[in-house]
Amino acid sequence: MRDILPQEQPYWQQVRRVSEKVATDFGYQRVDLPLVEFTNLFTRSIGSGTDIIEKEMYSFSTKGGERVSLRPEFTAGVARAYIQHGMHILPRPVKLYYTGSCYRYDRPQEGRWREFYQFGCEVIGEQNPVLDAQIIQMGWRIIHQLGIRNVKVHVSSIGCPACRKNYRNLLVHYLESKKQKLCIDCKRKLDTNPLRILDCKEDKCIQVRTNAPQSIDHLCDECRIHFKELLEYLEELGIPFELDSALVRGLDYYTKTVFEFFSALGSDDSGKSKRNALGGGGRYDQLIKMLGGEDTPAVGFGLGLDRLVIEMKKLGVRVHKEPNPRIFLAQLGNFAKRKSLRLFESLERAGIMVAESFGRGSLKSQMKIAGRLGVEVTLILGQKEALDGTVIMKDMASGNQEIIDAGKIVDEVKKRLKK
Ligand code: AMP
């Protein structure tokens, strides 16, 4: 877990601004969910054989003895909230977006922290593949709009429970015959979660899976048509995609579409991919029913904000920075200090950014700060001016000073800033 210091904030503000703008433009409404949920929400949704559940959850017991966990992701919480608040009576589809921190106890490394931030969208209530395409389009637009170009979408379909069962059997049959060549972890996954062997990063497992049966070749008719239509929509949108049979995602609740966003940066010289995904998502048509709601199809994506910021920095993306103040307010003496607080507020209310150093007493040190900040005008309020109801306005470039009536100072400053 780490601190995000002020100098990094412009990147974060840009990421939040762009993602929220895209979400609202596409008709999504914000939800804020608790950081902590009952542990069994995640174990039931994400699946007990997954890395997140087996190794990465921050789980603890409350004083009341309830087992709870810090959220490792948002989708399960969104599905819980959808059911709990009876959102099934709302016009379909229900479109929700969220942003906040997630927690996974993984080995910390660049692009992988124990506390990280996600932004995501979920569209709930419809199963047409046009929604899968639109969800991918939104994630892609956000990344692109942040100045991260050369992004590719890796996409696949892992089918529905019916066709996945057949595929899983075929895969296990194939992998059993190669069991000796798999890493220890994958040997274990053969029993618990064989699909996850497909995205193991070990060289020997990568070799084994080259000839493994692929899920997209074993889809039932419905899933095949769904996938084919999704790809047609992506072509129509001009979104570059790549079929990726190794894409299984680490969560059990997915059905049919799964996808991840990758930037072209970040692969090493040998071309071997060690890239981190910028985001990912998929369809989860069974999840809401499995959690006790009505049968409700849904699809969504989550972006890793930390990784977007890393990528923006690598690419040297220019971010919007707040403008520096052009006015400094200096004061001398206790009475003037009191008046200065009021004057500062009048200027601030008029939308004028003012720098100050109220903690200091000496005019010399305040003028030094004003000079360092490079302001155009310094307003000086001494004992005499405070009593007279005036303010000295000093032009920093020429050194000229004027005495202005305190009641007119806001207008005078505005005039000056326009010049
Ligand atoms: P996932 O649901 O695991 O696919 O996560 C969605 C996105 O969140 C990923 O594509 C990453 O961009 C980001 N993410 C996941 N885990 C981490 C982590 N430990 N540190 C930083 N970002 C992460």
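What covers the buried residues of H4 includes S2, helix H2 (39-46), strand S5 (94-103), strand S6 (115-124) and helix H10 (287-290). The model discussed here is predicted.

Colleague: What makes helix H4 (residues 75-84) largely enclosed by the rest of the structure?

Modeller: Eight of its 10 residues are buried, so H4 is largely enclosed by the rest of the structure. The buried residues of H4 are Thr75, Ala76, Gly77, Val78, Ala79, Arg80, Ala81 and Tyr82.

Colleague: Which residue just after H4 takes a positive phi?

Modeller: That residue is Gly86, with a phi of about 55 degrees.

Colleague: Strand S2 (residues 36-38) contains Val36. Why is Val36 called partly exposed?

Modeller: The relative accessible area of Val36 is 33%. Buried requires under 20% and exposed over 50%, so Val36, at 33%, is partly exposed.

Colleague: Which residues does Val36 touch, leaving aside those up to four places away in sequence?

Modeller: Val36 touches Val68, Ser69 and Leu70. As for Cys102, 66 residues from Val36 along the chain, the C-alpha atoms of the two are separated by 9.9 Å.

Colleague: Why are helix H5 (residues 129-145) and helix H9 (residues 221-237) called oblique to each other?

Modeller: H5 and H9 pack at an angle of about 40 degrees, with their axes 8 Å apart. H5 passes H9 in a right-handed crossing.

Colleague: Which residues make the contact of H5 with H9, and how do they divide by class?

Modeller: H5 contributes Pro129, Val130, Asp132, Ala133, Ile136 and Gln137, while His226, Glu229, Leu230, Tyr233, Leu234 and Leu237 come from H9. By class, this contact has eight nonpolar, two polar and two charged residues.

Colleague: Turning to the whole chain, what is its secondary structure, and why is the chain called more spread out than a compact globule?

Modeller: The protein chain has 15 helices and 16 strands. Its radius of gyration is 28 Å, whereas the globule rule gives 22 Å for 419 residues; the value is well over the rule, so the chain is more spread out than a compact globule. Along its principal axes, the C-alpha trace spans about 90 × 50 × 50 Å.

Colleague: What share of the 419 residues is buried?

Modeller: Buried residues make up 51% of the chain. Among contacts with a separation of 6 or more, 70% are between residues 24 or more positions apart.

Terms used. Residues are numbered from 1 along each chain as its sequence is written. This is a predicted model: local features need pLDDT of at least 70, side-chain atom pairs count only at pLDDT 80 or more; totals for chains, interfaces and linings use all residues. Side-chain values use heavy atoms; hydrogens and water are left out. Axes are lines fitted to C-alpha atoms, for helices over the stretch in contact, and angles run from 0 to 180 degrees between N-to-C directions. Helices (H or I, at least four residues) and strands (E, at least two) are DSSP runs, numbered from the N terminus. A crossing is left-handed if the near helix is turned anticlockwise from the far one by less than a right angle, and right-handed if clockwise. Contact means heavy atoms within 4.5 Å. Ala, Val, Leu, Ile, Met, Phe, Trp, Tyr, Cys and Pro count as nonpolar, Asp, Glu, Lys and Arg as charged, and the others, Gly among them, as polar. Buried means under 20% relative accessible area, exposed over 50%, partly exposed in between (1.4 Å probe, protein chains only). The radius of gyration is taken over C-alpha atoms; the globule rule is 2.2 Å times the number of residues to the power 0.38.
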